Amino acid sequence: LFPYTTLFRSCREAMKSLKRRPRPALLAPHLITERAVGRDPVTAYVALGANLGDAAAALRWALQALDGLPLSRVLRVSSLYKTAPLDTDSGVEVAAPGSDYLNAVLALETGLSAPALLDALQALELQAGRQRPYRNAPRTLDLDVLLYDDLRYHEHGLTIPHPQMHLRAFVLRPLLEIAPDCVIPGTGTVKEALQGCRQQEL
């Protein structure tokens, strides 16, 4: 557990922080289309990470920005966790060069469809200066849709549940913190998945 958990000490403090600070300017209005809006609000879980520049500030900004998305509000947010960067090009996760990541997971109530939510996350990554010069490059901000209610989805470059979430302690540990009874569709409970990642250090 990373010592800077004071940044996300509790959901209550995080929500108070959101109310005090002006929300970032977003290019979100174009997301509100008939196709983008889901029938009813659902709870989605989003992973946040950064290891380039001021990672803690980037995650604070992302928390505010996600709460400002159309038809959406942040419900709960985990503590921050610190992990080493990984290279997955070989098919096996091995240590990669670069600074350690700060990671967190938040619960987002949203009326956006799953593809529209992905579009919004990618737009926020661009606003935060995200570049993709090569696979596993250091990131100013990395946002991933982990779960979208109990949806199982694989279209248009989006797979839900996230195909690697059950293999990553830095995703499972913060998710378990804010959703202890969470189930990964097609896999099992988050608690069970985390047992398989016991060798991974946080």
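pLDDT is the predictor's confidence in each residue, from 0 to 100. Contact means heavy atoms within 4.5 Å.

**View 1. Confidence along the predicted chain.** This is a predicted model, in which local features need pLDDT of at least 70 and side-chain atom pairs count only at pLDDT 80 or more, while totals for chains, interfaces and linings use all residues. Residues are numbered from 1 along each chain as its sequence is written, and side-chain values use heavy atoms, with hydrogens and water left out. The mean pLDDT of the chain is 82, with 73% of its residues at 70 or more. Over residues 1-6 pLDDT stays under 50, and the model has 12 contacts beyond four places in sequence for this stretch. Residues 21-25 likewise stay under 50, with 10 such contacts. Where pLDDT is low, the predicted coordinates should not be read in detail. Helices (H or I, at least four residues) and strands (E, at least two) are DSSP runs, numbered from the N terminus. Confidence is lowest in helix H1 (residues 11-20), at a mean of 53, and highest in strand S10 (residues 183-184), at 97.

**View 2. The chain as a whole.** The chain contains 5 helices and 11 strands. Of its 202 residues, 50% are buried; buried means under 20% relative accessible area, exposed over 50%, and partly exposed in between (1.4 Å probe, protein chains only). Among contacts with a separation of 6 or more, 72% are between residues 24 or more positions apart. The chain exposes about 10,600 Å², of which carbon and sulfur atoms supply 51%; accessible areas come from the Shrake-Rupley method with a 1.4 Å probe, and for residues only the protein chains shown count as cover.

**View 3. The largest nonpolar core and its surroundings.** A nonpolar core is a set of buried Ala, Val, Leu, Ile, Met, Phe, Trp, Tyr and Cys residues joined through side-chain atoms within 4.5 Å. The largest has 34 residues, of which Leu66, Leu106 and Leu117 touch the most other members. Two or more residues each come from strand S1 (37-50), helix H2 (55-67), S2, S6, helix H3 (114-127), strand S7 (142-148) and strand S9 (158-160). H2 gives the most, with 8 residues. Beyond its neighbours within four places in sequence, Leu66 is in contact with Val46, Leu48, Ser72, Val74, Leu106, Leu108, Leu121 and Leu124. Another core, of 22 residues, lies apart from the largest one and includes Tyr45, Leu176, Ala179 and Cys197.

View 4. H2 has 13 residues and reaches 19 Å from its first C-alpha to its last, close to the 18 Å expected at 1.5 Å a residue; the expected span is 1.5 Å times one less than the number of residues. Because 10 of its 13 residues are buried, H2 is largely enclosed by the rest of the structure. Among the buried residues of H2 are Ala55, Leu59, Leu63 and Leu66. Helix H4 (residues 169-178) is mostly covered, with 8 of its 10 residues buried. These include Phe170, Leu172, Pro174 and Ile178.

**View 5. Salt bridges.** A salt bridge is a side-chain nitrogen of Lys or Arg within 4 Å of a carboxyl oxygen of Asp or Glu, and the count by this rule is 2. Side chains of opposite charge can pair when their charged atoms come close. Arg73 and Glu109 meet through their side chains at 2.9 Å, N to O. Arg73 lies in strand S2 (residues 72-77) and Glu109 in strand S6 (residues 101-112), so the pair ties together parts that are 36 residues apart in sequence. Arg73 is partly exposed at 43% relative accessible area, and Glu109 is partly exposed at 27%. Asp100 forms a salt bridge with Lys82, with the closest N and O atoms 4.0 Å apart. Asp100 sits in the loop between strand S5 (94-95) and S6, and Lys82 in strand S3 (residues 81-83), 18 residues away.

**View 6. Backbone geometry in three loops.** Most residues other than glycine have a negative phi, and most peptide bonds are trans. A cis peptide bond joins Ile160 and Pro161, with omega about -5°; Pro161 is in the loop between S9 and H4. Leu71 has a positive phi, near 60°, and lies in the loop between H2 and S2. Asp149 has a positive phi near 55° and is placed in the loop between S7 and strand S8 (153-155). Leu71 is partly exposed, with a relative accessible area of 46%, and Asp149 is partly exposed, also with 46%.
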